[in-house]
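This report describes a structure through its strand pairing, its ligand surroundings, its nonpolar core and its backbone exceptions. Please keep the model open while reading.

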Amino acid sequence: MSNNLLKGKRGIIFGALNEMSIAWKVAERAVEEGAVITLTNTPVAVRMGQVSELGEKLNAEIIPADATNVEDLEMVFAKSMEILGGKIDFVLHSIGMSPNVRKKRPYDDLDYDLLNKTLDISAISFHKMIQVAKKMDAIAENGSILALSYVAAQRTLFGYNDMADAKALLESIARSFGYIYGREKGVRINTISQSPTMTTAGSGVKGMESLMDFANRMSPLGNASAEECADYCIVMFSDLTRKVTMQNLYHDGGFSSMGMSLRAMTQYNKSFDEYRNENGDICYG
Ligand SMILES: NC(=O)c1ccc[n+]([C@@H]2O[C@H](COP(=O)([O-])OP(=O)(O)OC[C@H]3O[C@@H](n4cnc5c(N)ncnc54)[C@H](O)[C@@H]3O)[C@@H](O)[C@H]2O)c1
């Protein structure tokens, strides 16, 4: 259902790889809400993924670019303004990758060249794209820039590895740049901290299925889907959130505020043998 929330707006969506990608859902919803967009991803992702299919469906041009490369980013903003006919109203950074995770290097045996890559791809690329956009004056007044984060920035979750550090940096960049870009141009910068979601990047996380089940049991509203995340992104791109900036916004069904839920406790208890002690209390051991 469309409410024309993005009518007349121009956007750039980074990171749609395939139908499962969060960026894919955001692109679909943005166009449904009346926006015109360009799509961008690495040349290899454009060749191997299904993004051309999405481009055709949404009548959106695809601009291959490596988000860690400043010249590529300059080209993305220049071409997007040319194609879409003016300054950009919203940008989605939906990019994440850890070569350490891919190569199964645990957190206490990281390869530091790979750590630099993780940080560059997953966090510093956000700084680069905002800096490039600002220098080119490519974002319209009151524009909205968003990146996707995860609660591992605040809390340690088994197996999330150096991506936790990348997410902490990503959220910090949103605050630091949010101040400067907000003060000078009214541009807001936020991160959305999304529930675990089964995507290509998500499936690289150690024990993803168990993590998703645990998060779902712990969250009073259950895990947020990629489609629901897209809905939240649309609101953040719209004029309904003009004074929201420098925030990390949890979109996780309540997970980040929970300590223990009945559903998680029930499942946890199943792993123990139940017995009664001398006082008649139920114990597990
Ligand atoms: N899936 C989850 O559980 C989850 C939860 C919270 C946050 N997130 C975040 O959401 C974002 C999108 O991930 P997703 O889950 O949709 O997975 P995805 O695999 O569909 O998207 C990741 C994208 O990053 C792109 N990318 C990698 N290196 C790049 C580079 N150098 N330049 C440009 N693009 C590059 C990939 O091509 C891919 O399109 C990521 O930031 C991820 O960390 C995901």
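## Strand pairing around β4

Phe-90 stands opposite Ser-144 in β5, where strands (E, at least two residues) and helices (H or I, at least four) are DSSP runs numbered from the N terminus. The model is a predicted one, in which local features need pLDDT of at least 70 and side-chain atom pairs count only at pLDDT 80 or more, whereas totals for chains, interfaces and linings use all residues. Residues are numbered from 1 along each chain as its sequence is written.

Strands β4 and β5 run parallel and are joined by five bridges; two strands are said to pair if DSSP finds at least two bridges between them. Strand β4 also pairs with β1 in the parallel sense, over four bridges, and here Phe-90 in β4 is the bridge partner of Gly-11. Because six of the six residues of β4 are buried, this strand is largely enclosed by the rest of the structure. A residue is called buried if 20 or more other C-beta atoms lie within 10 Å of its own, exposed if 12 or fewer do, and partly exposed in between, with C-beta atoms placed from the backbone.

## Surroundings of the ligand

Which residues come nearest to the ligand? Of the 27 residues around the ligand, they are Ser-21, Gly-96, Thr-199, Ala-201 and Gly-202, a residue being near if its C-beta atom, placed from the backbone, lies within 6 Å of the molecule. The elements that give two or more residues to this shell are α1 (22-32) and β5 (139-149). By class, the shell divides into 13 nonpolar residues, 13 polar and one charged; Ala, Val, Leu, Ile, Met, Phe, Trp, Tyr, Cys and Pro count as nonpolar, Asp, Glu, Lys and Arg as charged, and the others, Gly among them, as polar.

The unreviewed UniProt entry carries a "binding site" annotation that covers Gly-15, Ser-21, Ile-22, Ile-95 and Lys-167, and such annotations may be inferred rather than shown by experiment. Ser-21 lies in the loop between β1 (10-14) and α1, and Ser-21 counts as buried because it has 26 C-beta neighbours inside 10 Å. Leaving aside residues up to four places away in sequence, Ser-21 touches Gly-15, Ala-16, Ser-94 and Thr-199, contact meaning C-beta atoms, placed from the backbone, within 7 Å. Ile-95 lies in the loop between β4 (88-93) and α5 (99-102) and is buried, with 24 other C-beta atoms within 10 Å. Its contacts, with the same exclusion of residues up to four places away, are Phe-14, Gly-15, Ala-67, Ile-121, Ser-122 and Ser-125.

## The largest nonpolar core

The largest nonpolar core has 75 residues, of which Ile-13, Ala-27, Ala-30, Ile-37 and Cys-233 touch the most other members. Helix α7 (residues 163-185) gives the most to this core, with eight residues. Such a core is a set of buried Ala, Val, Leu, Ile, Met, Phe, Trp, Tyr and Cys residues joined through C-beta atoms within 7 Å.

Not counting residues up to four places away in sequence, Ile-13 touches Ala-23, Val-26, Ala-27, Ala-30, Ile-37, Leu-39 and Leu-92.

## Positive phi angles

Most residues other than glycine have a negative phi. Asn-4, although not a glycine, has a positive phi of about 55 degrees; Asn-4 is found in the segment before β1 and counts as exposed, with 11 C-beta neighbours inside 10 Å. Asn-142, also not a glycine, has a positive phi of about 65 degrees. Asn-142 is placed in strand β5 and is partly exposed, with 14 other C-beta atoms within 10 Å.

Definitions and conventions. Contact = placed C-beta atoms within 7 Å.
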